[in-house]
Amino acid sequence: MLTHPIKQPIEYAMQLSAQYPWHQTLLMQLREMIATDRLPQALFFRSRSDYFDDTLLWQMAQLILCDERRLCGQCQHCHLNAAKTHPNVLHLAARDTANIDSVRQMGQRIWRSPTFDKPQIVLIDGVDCLSVAAQNALLKNVEEPPAKTVFILTAEQPARVLNTMMSRVQRFKHPSVDTHVILHWLQAQLTQLTQSAAPDSAEARVGDAKTEAEIGAVAALVDYSPRAAFALFSDPEKVSKIKQDKYRFAQFMQGRCDVDSLISDIPKADLGEYLVRYRRYIDATIMLLFQKSAEQTDKSGKNSLQYQHWHGLTARRLYRLRDVVETVTRLQSTNVNLMMQLKTYLMDWQHDRQ
Ligand SMILES: [Zn+2]
């Protein structure tokens with residue numbers, strides 16, 4: 001077993017992420033639009049932290065700019081896109097730098113003539129993280145863009161995007177992907193990694209034949225995100241840490257662990273990652289109540305969600321906890337002391353229990 005994380009498998013996974021087979025459906029739709037000259041001015045899809053990661057955003061830009069009008073990987077534009085340095089692509093990572101100034105700057109930049117005589121593409125990842133004022137500034141550009149400008153927008157929570165914006169975009173829907181498809185794919189990549197690695201090398205050990213169940217147990221910890229799963233395959237210590245943290249959060253929800261012991265050893269830099277996981281645990285627990293309720297509804301014919309609880313927690317309380325996690329998640333783009341905010345909100349939530 002490996003004791004030290006190694007970097008190579010993660011880099012390997014990053015290269016692979018450009019090839020997720022489940023991105024193909026959306027890319028084919030886009031290709032069809034380009035071929036029939038029906039490319040909309042603004043595209044939107046819901047981004048997620050799992051197996052639909054931001055590589056889709058870049059693939060869409062690449063597809064529009066590629067000389068072959070497919071992801072040929074050979075032309076100049078594909079090369080520039082792969083390096084994320086294509087001058088016709090303006091990228092705004094709204095999730096990290098959500099402010100009105102960056103939107104305004106982008107709004108000025110789109111009026112400069114593009115370097116290549118091809119569409120100019122504005123990629124904005126996380127429109128839902130922008131303030132209403134920033135979204136309004138963006139809306140002006142989306143409504144009256146320069147010729148040949150295409151906006152590709154994403155949001156994790158489309159409900160937080162202005163309706164006026166949503167009415168301007170063509171929305172792409174993810175196909176549903178069976179977990180087995182992802183696990184099979186991960187397994188195939190691991191096998192390939194082992195085969196191409198030198199015997200006894202770290203990569204060979206990471207790729208060591210794993211059963212689908214073993215891969216599944218690790219992947220489930222990170223929402224089946226292939227990138228994150230690859231990172232975990234090479235870091236068994238982190239796997240046990242995540243399991244411990246999960247247990248502690250369950251204890252916290254049940255009122256058996258106070259806020260300080262929950263959050264005291266979260267490294268500041270990892271807080272975002274923790275918040276994503278917390279939200280997933282809460283969602284899973286809410287799902288459990290829905291399932292319990294559905295079972296009883298069958299018998300009694302009445303909707304019984306309000307009577308269901310998990311260790312004394314009702315769905316309503318769980319939704320409130322979910323709100324806390326979401327509020328703090330949104331604050332990530334501001335300058336507030338996040339740990340302090342998280343602590344205060346969680347203490348309030350726990351206090352309300354009495
Ligand atoms: Zn190309």
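In the predicted model, helix α15 meets helix α16 through Arg320, Leu321, Val324, Thr327, Val328 and Leu331. The partners in α16 are Leu338, Gln341, Leu342, Tyr345, Leu346 and Trp349. By class, this contact of α15 with α16 comprises nine nonpolar, two polar and one charged residues. Helix α15 spans residues 315-331, and helix α16 spans residues 338-351. Their axes lie 10 Å apart and form an angle of about 170 degrees. Because angles over 145 degrees count as roughly antiparallel, α15 is roughly antiparallel to α16. The crossing of α15 past α16 is right-handed.

Helix α2 passes α3 in a right-handed crossing. On the α2 side, the contact is made by Leu26, Leu27, Leu30, Arg31 and Ile34. Helix α3 contributes Leu56, Gln59, Met60, Leu63 and Ile64. The contact of α2 with α3 has eight nonpolar residues, one polar residue and one charged residue.

The crossing of α10 past α11 is right-handed. Val218, Ala219 and Leu221 represent α10 in the contact. They meet Ala229, Leu232 and Phe233 of α11. The contact of α10 with α11 holds six nonpolar residues, with no polar and no charged residues.

At the level of domains, the protein chain is divided into three segments. Domain 1 covers residues 39-172. Domain 2 covers residues 179-238, and domain 3 covers residues 251-351. The C-alpha centres of domain 1 and domain 2 are separated by 32 Å. Four residues from domain 1 and six residues from domain 2 take part in the contact between them. The domain 1 side that touches domain 2 has one nonpolar, one polar and two charged residues.

The protein chain has an average pLDDT of 86, and 91% of the residues score at least 70. The highest confidence falls in helix α7 (residues 163-166), at a mean of 96. The lowest falls in helix α1 (residues 8-16), at a mean of 51. Over residues 1-7, pLDDT stays under 50. For residues 1-7, the model has 10 contacts beyond four places in sequence.

Notes: Residues are numbered from 1 along each chain as its sequence is written. This is a predicted model: local features need pLDDT of at least 70, side-chain atom pairs count only at pLDDT 80 or more; totals for chains, interfaces and linings use all residues. Domain bounds come from an automatic or database domain assignment. Two residues are in contact if their C-beta atoms, placed from the backbone, lie within 7 Å. Ala, Val, Leu, Ile, Met, Phe, Trp, Tyr, Cys and Pro count as nonpolar, Asp, Glu, Lys and Arg as charged, and the others, Gly among them, as polar. A crossing is left-handed if the near helix is turned anticlockwise from the far one by less than a right angle, and right-handed if clockwise. Helices (H or I, at least four residues) and strands (E, at least two) are DSSP runs, numbered from the N terminus. pLDDT is the predictor's confidence in each residue, from 0 to 100. Axes are lines fitted to C-alpha atoms, for helices over the stretch in contact, and angles run from 0 to 180 degrees between N-to-C directions. Angles under 35 degrees count as roughly parallel, over 145 as roughly antiparallel, 65 to 115 as roughly perpendicular and the rest as oblique.
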